[in-house]
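Hi everyone, thanks for coming.

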Amino acid sequence: MIPLVVRPAQQAEELVQLLRQQGHQPLCCPLLETRAGSELSRLPPLLSKADVVIAVSMHAINFAHHFLLQTGQTWPHIDYFAVGQASADAFAEIGIQAQSPDDPRSEGLLLLPALQQMTGKRVLILRGNGGRDLIARTLASRGALVHYCATYERHYPELDGNTLTHHWQSAGLDSLLITSGELLQRLLELVPSQQQPWLYDRLLVVPSPRVAELAEAAGFTRIVIAQGASNQALVAALELRKME
């Protein structure tokens, strides 16, 4: 197959390699860049007071860990949670065992038994700049004291959507690997309106039911839900569809 890879460069490179190993011919076009967050200097004092750390993405973990290494500091021995498997894997890579739900959404995380009784607990949420606040609002309603730390920032490079779309069409693009609603929206903004019916007919692999719902509402008709946002999960989902 000829899938489109749009995630940030470092993860995109690994995903492209995995796809090629399986005989696919991926096209790579990162639609998002990640940079160190402006709030990283707040991380050590926030960590020192936290009882619970929740990471909403692997980028949040990776930038936080790099900052701690650079400043000669370590992660405290407290409870860690990850929204999805990709984030849990990122924690595992730095030696932290994090709890994560089978349902890789904020809603799934909030169902975990360990996050029900939160009175007086100090919670630190690691994330990018902005984002949904369902986790914070819900945990605060359960009695937690919640703080955010934006450990990374998103940046969207300037791209020529018309030129890119014609290139993808001429290359025979037949599938899309989209790991977030944010990247889906960015893709829709790039592709000219007259070319969107073509886009909607591509096979779309997404990491969760939430992104699948957004895609269906946009007009996509061939949607596969992977077991999370990790590169391995995306490739596995594409392989399953290829064998059908």
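Predicted model: local features only at pLDDT ≥ 70, side-chain atom pairs only at ≥ 80, totals over all residues.

The buried ones are Gly181, Leu183, Leu184, Arg186, Leu187, Leu188 and Leu190. And what do they pack against? Their partners include three helices, H7 (161-170), H9 (196-200) and H10 (209-218). Strands take part too: E1 (3-5), E8 (175-177) and E9 (203-206) pack against these buried residues.

Now let's turn to the sheet. As a reminder, strands of a sheet pair through backbone hydrogen bonds, either parallel or antiparallel. Here we have an open sheet of five strands, in the order E3-E7-E6-E4-E5, and the pairing is mixed. At the edges sit E3 (33-36) and E5 (79-82), each pairing on one side only. From one strand to the next, the twist averages 25°.

Let's zoom in on E6, residues 122-128. E6 runs parallel to E7, residues 145-155, and seven bridges join the two. If you want to click on some pairs, valine 123 has valine 146 in E7 as its bridge partner, and glycine 128 stands opposite tyrosine 152. E6 is also joined to E4 by four bridges, again with the strands running parallel; there, alanine 55 stands opposite leucine 126. Why do we call E6 largely enclosed by the rest of the structure? Because six of its seven residues are buried.

One last stop: a pair of helices. Two packed helices are described by the angle between their axes and the distance between the axes. For H3 (residues 58-70) and H4 (residues 85-93), the axes come within 8 Å and cross at roughly 20°. Angles under 35 degrees count as roughly parallel, and therefore H3 and H4 are roughly parallel to each other. The crossing of H3 past H4 is right-handed. Which residues meet there? From H3 we have Met58, Ile61 and Asn62, and from H4 there are Ala86, Ser87, Ala90 and Phe91. Sorted by type, that contact has five nonpolar residues, two polar and no charged.

That's my tour, so over to you for questions!

Note on methods: Residues numbered from 1 in each chain as written. Heavy atoms only, no water. Axes fitted to C-alpha atoms, helices over the stretch in contact; angles between N-to-C directions. Parallel < 35°, antiparallel > 145°, perpendicular 65-115°, else oblique. Left-handed = near helix turned anticlockwise from the far one by under 90°. Contact = heavy atoms within 4.5 Å. Nonpolar A, V, L, I, M, F, W, Y, C, P; charged D, E, K, R; others polar. Buried < 20%, exposed > 50% of the residue type's maximum accessible area, 1.4 Å probe, protein only. Pairing = 2+ DSSP bridges.
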